[in-house]
Amino acid sequence: MEEGEGMTGTQVDRLALVGLAFVSAVAFGLLIRRRPVVGLVAFIGSVALVPYWMGVTVSWYFPPATAAALLSAAALIGVGSLRLGLVDLCLAGVGGLVVLMYLAGFVGFGEVFDVLVAWGSAYLAGRILVSVLGGDAVYLWVSRAFVLVAVLGLLEAATRRNLFVELLARGNSFYATWGPLQERGGLLRVEGAFGHSIALGVSLALAIPFVLAARISSRAKAVGVTLVLAATVLTLSRLGIACAVIALILSLLVMTDRVQPRIRRGLGVGLVAGAGLVLPFIAGVFSDAGDEASESADYREQLTVLIPEMRFVGTSDALQQTADGRAYFGAFRSIDSELILIGLRFGIIVLVVLAALYVAALVAAFRRPANPGAIAVAASLPALTSVAFITQYTTFLWFVAGVAVTVGTLRSTEETTLFTGVRAGPSTEVRGSGQAGLQRLFVQGELT
């Protein structure tokens, strides 16, 4: 071999690492296929305890939670009795439209990656894991993970140290973005492994219905929810606190089959009493923070001027990119509203489809027997309007949406209708009767 034709030592090392990673992924995938609960634990663990900046780059950046969702979903394809329904078809249509827009030059590859990989893998993981393991297993492991996250958050607030930032530092741009800790009114805003206090606060809120739905003792539910609420307050995030309150109230109103009356009454009284203690504390923090909080709210309100800039399909013409690769819409450095950002990035058609599916989730959240995933999705409304998809919050929300759809279809008794859902597994309760209208979109197999 002539000089210059062989691989360098660095290239050989990289090739060896890629080969090792591939073999490891295949081996782990086979383990997940043999024992699906391993995939569930790996995914939930990556969401709750592995920072966003710990991912890998293979032509594109794969955060840990996204990689775990992809691996779990891929390993379990064909294991459960999952069938496509209307929600799946709508989301597949969105994915297909985004691919067509990319081929036509209306969007960039980042939009395709987000829809098909970042969002799609988490949604599929929720759909498949529930169909294979049943809802009870998912509720249990989500509750365990996020109660642990809450405990770590309380320790973070008490010690003013974030061990994820200290011990898992990385020299990449994602660590530079999400690693720095935030304060408000002189207090550390708890963020755990989530890279941002809002991401942690909203994710904790999404977990509340799962804690209450888990097959654990009533005392454990009360303690778990109390810990999660306390950690949410210590994020000092108005969005996280609002989502948590909505999630708890909806759960107490609807989840009569999972939460005993005395626990509902106790948590309800505790919520009122806790509000009397927490509101003065929060008001004092925001007072000490000065104009920071009000300026943030004003900035979000100003984003509405971008709505007329949305196109029917494709990225808005208001997009501007600087020489260093930073993207802006109009004069705004960031878009703190995922609903507005979806319209600007993908166009009005995609926004309308996703908004319609969200309305269906809102309706499903009030149905009995309770669907914890639908309740969690419904409770995320303040976040969807006031923050973009960031770090693990994005992955967890789409996973919860997948859980909501599958649990809804498992409760349907109309398995032979035109849009049939998955058949009920032995480990999930499937009680419920057929219902007509928009409610079926998340609740009934007829339209899911």
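Residues are numbered from 1 along each chain as its sequence is written, and side-chain values use heavy atoms, with hydrogens and water left out. Because the model is predicted, local features need pLDDT of at least 70 and side-chain atom pairs count only at pLDDT 80 or more, whereas totals for chains, interfaces and linings use all residues.

Helices (H or I, at least four residues) and strands (E, at least two) are DSSP runs, numbered from the N terminus. Two packed helices are described by the angle between their axes and the distance between the axes; axes are lines fitted to C-alpha atoms, for helices over the stretch in contact, and angles run from 0 to 180 degrees between N-to-C directions. Helix H3 (residues 64–75) packs on helix H5 (residues 109–133) at an angle of about 50°, the axes being 8 Å apart. That angle makes H3 oblique to H5, where angles under 35 degrees count as roughly parallel, over 145 as roughly antiparallel, 65 to 115 as roughly perpendicular and the rest as oblique. The crossing of H3 past H5 is left-handed, a term used if the near helix is turned anticlockwise from the far one by less than a right angle, with right-handed used if clockwise. Contact (heavy atoms within 4.5 Å) is made by Thr 66, Ala 69, Leu 70 and Ala 73 of H3 and by Val 117, Ala 118, Ser 121, Ala 122, Leu 124, Ala 125 and Ile 128 of H5. These residues of the contact of H3 with H5 comprise nine nonpolar, two polar and no charged, with Ala, Val, Leu, Ile, Met, Phe, Trp, Tyr, Cys and Pro counted as nonpolar, Asp, Glu, Lys and Arg as charged, and the others, Gly among them, as polar.

Val 225, Leu 229, Thr 232 and Val 233 in H10 meet Gly 240, Ile 241, Ala 244 and Leu 248 in H11, a contact with six nonpolar, two polar and no charged residues. Ser 218, also found in H10, is buried at 14% relative accessibility and touches Gln 260, Arg 262 and Ile 263, residues up to four places away in sequence not being counted.

A positive phi, near 70°, is likewise found at Ser 59, which lies in the loop between strand E1 (56–58) and strand E2 (60–62) and counts as exposed at 78% relative accessibility. In strand E5 (residues 319–321), Leu 319 is partly exposed, with a relative accessible area of 35%. Leu 319 and Phe 329 are ten residues apart in sequence and 4.5 Å apart in space, C-alpha to C-alpha.

The 18 residues of helix H15 (residues 348–365) should span 26 Å at 1.5 Å a residue, and the end C-alpha atoms, 25 Å apart, agree with this; the expected span is 1.5 Å times one less than the number of residues. Among the buried residues of H15 are Val 350, Leu 351, Leu 354 and Tyr 358. In the loop between H15 and helix H16 (372–379) lies Pro 369, joined to Arg 368 by a cis peptide bond with omega of about -5°.

Conventions
Buried < 20%, exposed > 50% of the residue type's maximum accessible area, 1.4 Å probe, protein only.
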